[in-house]
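This report describes a structure shown below.

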Amino acid sequence: MIRFILFITLILSLGSAQTTTNPDISIIGDLVFSTDGDKTDFSNSGLEIAAQGYVNPYARADVFLHLHDENSVLELEEAVLSIERGLPLNLGLRTGKFRPDFSKINPEHMHTYAYILPSTVAQSILGEEMWSSFGIETQALLPLPWYSNFSLGFFQHGISEHHHHDELHPDETNKNHHEAEDSETKEPGKTLSSRFSHFFDLNNNSHLEAGISAYRELKDRERSIFGADIKFKWRPDTYRSITLQADLFQVEDKHESLQAGYTWINIQFSRIWNVGLIADYSSNFKEARYSSIGLFAGFSPVEESSVFRLRVHQNWHGDEDPEWSVTGQIIWSLGPHKPHQF
Amino acid sequence: MFFVSTLFAQVNIVASTEDLANIAELIGGERVQVSSIAKGNQNPHYIEVLPSYMLKVKRADIYLKVGLELDLWANQIIDGSRNRKLKIVDCSKNIVPLEIPTTKVDASMGDIHRFGNPHYWLDPENGKRIAESITDALVKVDPEGRSQYEANLLTFQQTVDNVLNQWLDEYADLDGKELIFYHNSWPYFIRRFGLRAIQFVEPKPGIVPTPMHLEELINVIQASAIRIIAMEPYFSDRAPKFLARKTGVGIVKIAPSVNALPGTETYLDMIEYNLRILKQHLGENHD
């Protein structure tokens with residue numbers, strides 16, 4: 001499948017451009033270690049390889065491959081053609097495999113997280129590495145005085161419970177699949193998603209983003225997710241900022257109904273240092289309430305090309321004893337696609 | 001915030017920087033409405049792409065880019081605007097860049113610009129080149145205004161020639177003067193007015209000063225009797241203040257762009273501000 005996508009991208013570029021301009025190639029690698037006092041784990045370390053560039057003056061292609069760890073296979077994270085200008089009604093179009101515009105966190109790449117690892121609650125709703133699928137999505141800027149965008153997408157499959165170890169343990173995957181069939185829980189099929197987002201400049205130094213999202217599987221589980229998101233940023237100069245972001249979810253399907261959400265605040269108080277807090281909550285995570293809170297910090301000694309991050313985290317799950325963990329990350333980048341401190 | 005020139009605009013122009021915006025206003029006169037994305041007191045390398053910028057460009061007829069990879073963020077704004085009628089002008093097209101790398105370029109060199117130093121607007125002669133690019137674009141988008149645009153271009157070019165001659169005379173004692181700059185933004189400016197950048201506070205472009213480099217700068221300041229460090233207002237003055245404590249070197253804030261500092265509200269005011277304040281500290285009768 002990876003070869004097919006790359007072939008299509010190549011054909012499109014040859015058909016549209018008569019130059020030999022190469023795309024931007026980037027690599028982002030990270031070493032992530034987690035410890036809970038008993039054991040130390042490096043399983044979240046990985047590599048992202050990106051090839052990005054313009055196909056023609058009106059469209060660009062972005063391909064992201066992800067190697068989760070040394071034992072996993074290279075996965076296609078995204079391979080998307082974005083037509084930004086040139087369509088009627090000033091529409092935008094994305095097609096290929098990509099992260100749909102659903103919630104605030106879904107489109108974000110993990111290496112941009114100041115808090116290192118995704119919210120457990122967000123993962124429980126959107127998948128271990130968020131939701132990515134083949135599909136087509138159109139976007140329209142609405143004729144309002146402020147920036148307002150509506151996106152609507154149709155996707156081959158909805159949010160799955162895909163895990164990286166499935167490639168290593170196909171027998172276990174098959175077993176899980178058969179069990180899933182027996183329990184009438186299947187891999188979600190065709191899915192619709194939409195998001196209505198707004199952006200407001202509050203003043204010269206701060207802005208507010210707000211959005212509502214909807215997700216609907218068209219058969220099988222017929223799962224629905226409704227989301228509301230908000231992001232506030234105050235940035236008085238280039239290197240200092242305070243950012244607050246939150247996503248709230250209401251999940252409904254044949255088997256469950258739950259409310260969940262996360263929020264984080266990040267304070268970039270100099271070019272090099274940042275600190276923050278992340279918290280999340282789910283009314284029903286593996287049959288019990290779940291909540292967590294984490295404190296994180298980052299150190300970026302040289303631009304955005306290398307970052308050191310640390311997080312101390314505690315979670316509460318049902319009646320179980322609270323669990324704490326310490327997670328550290330060393331992240332580096334080659335090329336223009338970076339961890340994006342600023 | 002954004003520089004709006006007239007209530008009766010016909011051609012809507014958005015520029016990456018206030019320098020390009022100001023020159024566009026001078027060429028376009030009452031026939032244009034101009035705004036800029038980056039403010040003069042912002043580091044143009046690190047402009048956060050905001051959806052509100054995309055909305056601004058959505059309504060624009062012309063977008064003025066600095067080019068030479070200074071404003072790469074402009075591409076995302078232009079794409080997000082969905083404006084298929086937008087005329088995009090790279091204002092560097094008539095510029096002869098300085099400091100084009102002649103070796104393999106990679107990140108070990110810091111934030112290097114592989115097509116040459118992009119801070120070309122700081123030479124008033126290049127201001128004339130920028131004005132020519134803007135005039136060409138305006139004539140294409142608004143042919144009815146051709147005579148006015150060309151007349152304004154001629155006026156601008158003559159004004160630059162006149163003030164440049166005046167400045168070269170008035171600030172002649174800056175010729176040959178050595179100083180330290182914070183960032184390598186000034187090759188076009190110092191070439192025009194004869195100054196010498198003996199060192200930079202950044203060891204390499206975009207790289208925070210290291211203790212070893214600061215030690216080296218102390219030696220340079222003392223050995224060469226450097227009087228001032230000239231720096232942009234948006235950089236941290238922590239390292240310059242350290243050097244000032246160790247050596248007594250002065251720190252001077254200079255304007256890399258229109259509206260970077262009070263008294264720099266126009267392109268030519270910005271250039272003269274820098275000359276005046278440098279002469280104040282480096283001239284024969286310096287403070």
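## Helix α3 of chain B

Arg82(B), which comes just after α3(B), has a positive phi of about 60°. The model is a predicted one.

Helix α3 of chain B covers residues 73–81, and seven of its nine residues are buried, so the rest of the structure largely encloses it. The buried residues are Trp73(B), Ala74(B), Ile77(B), Ile78(B), Asp79(B), Gly80(B) and Ser81(B). An α-helix has 3.6 residues a turn, so residues three or four places apart point the same way.

Which elements cover the buried residues of α3(B)? The cover includes elements of both chains: from chain A, β3 (46–56), β4 (59–67) and β7 (133–141); from chain B, α2 (51–58), β3 (62–65) and β4 (87–90).

## Chain B overall

Chain B contains nine helices and eight strands. Its radius of gyration is 19 Å, close to the 19 Å given by the globule rule for 287 residues, so chain B is as compact as a globular protein of that length. The C-alpha trace of chain B spans about 60 × 40 × 35 Å along its principal axes.

Of the 287 residues in chain B, 56% are buried. Among contacts in chain B between residues at least 6 apart in sequence, 64% join residues at least 24 apart.

## Surface and charge of chain B

The accessible surface of chain B is about 12100 Å², and carbon and sulfur atoms account for 49% of it.

## Aromatic pairs

Over all chains, the whole structure has 23 aromatic pairs. One of them is formed by Phe150(A) and Phe196(A), edge-to-face, with 6.3 Å centre to centre and 70° between the planes. This pair links distant parts of the chain: Phe150(A) lies in strand β8 (residues 147–155) of chain A and Phe196(A) in strand β9 (residues 191–201) of chain A, 46 residues apart. Phe150(A) is partly exposed at 34% relative accessibility, and Phe196(A) is partly exposed at 27%.

Tyr234(B) and Phe235(B) also form an edge-to-face pair, at 5.0 Å centre to centre and 65° between the planes. Are these two residues, Tyr234(B) and Phe235(B), buried or exposed? Both Tyr234(B) and Phe235(B) are buried. In chain A, ring pairs join Phe98(A), Phe102(A), Trp131(A), Phe155(A) and Tyr215(A) into a cluster.

Definitions and conventions: Residues are numbered from 1 along each chain as its sequence is written. Chains are lettered from A and ligands numbered from 1 in the order in which they are written. This is a predicted model: local features need pLDDT of at least 70, side-chain atom pairs count only at pLDDT 80 or more; totals for chains, interfaces and linings use all residues. Side-chain values use heavy atoms; hydrogens and water are left out. Helices (H or I, at least four residues) and strands (E, at least two) are DSSP runs, numbered from the N terminus. The radius of gyration is taken over C-alpha atoms; the globule rule is 2.2 Å times the number of residues to the power 0.38. Buried means under 20% relative accessible area, exposed over 50%, partly exposed in between (1.4 Å probe, protein chains only). Contact means heavy atoms within 4.5 Å. Accessible areas come from the Shrake-Rupley method with a 1.4 Å probe; for residues, only the protein chains shown count as cover. Rings of Phe, Tyr and Trp (its six-membered ring) pair if their centres lie within 6.5 Å; planes under 30 degrees apart count as stacked, over 60 as edge-to-face and the rest as tilted.
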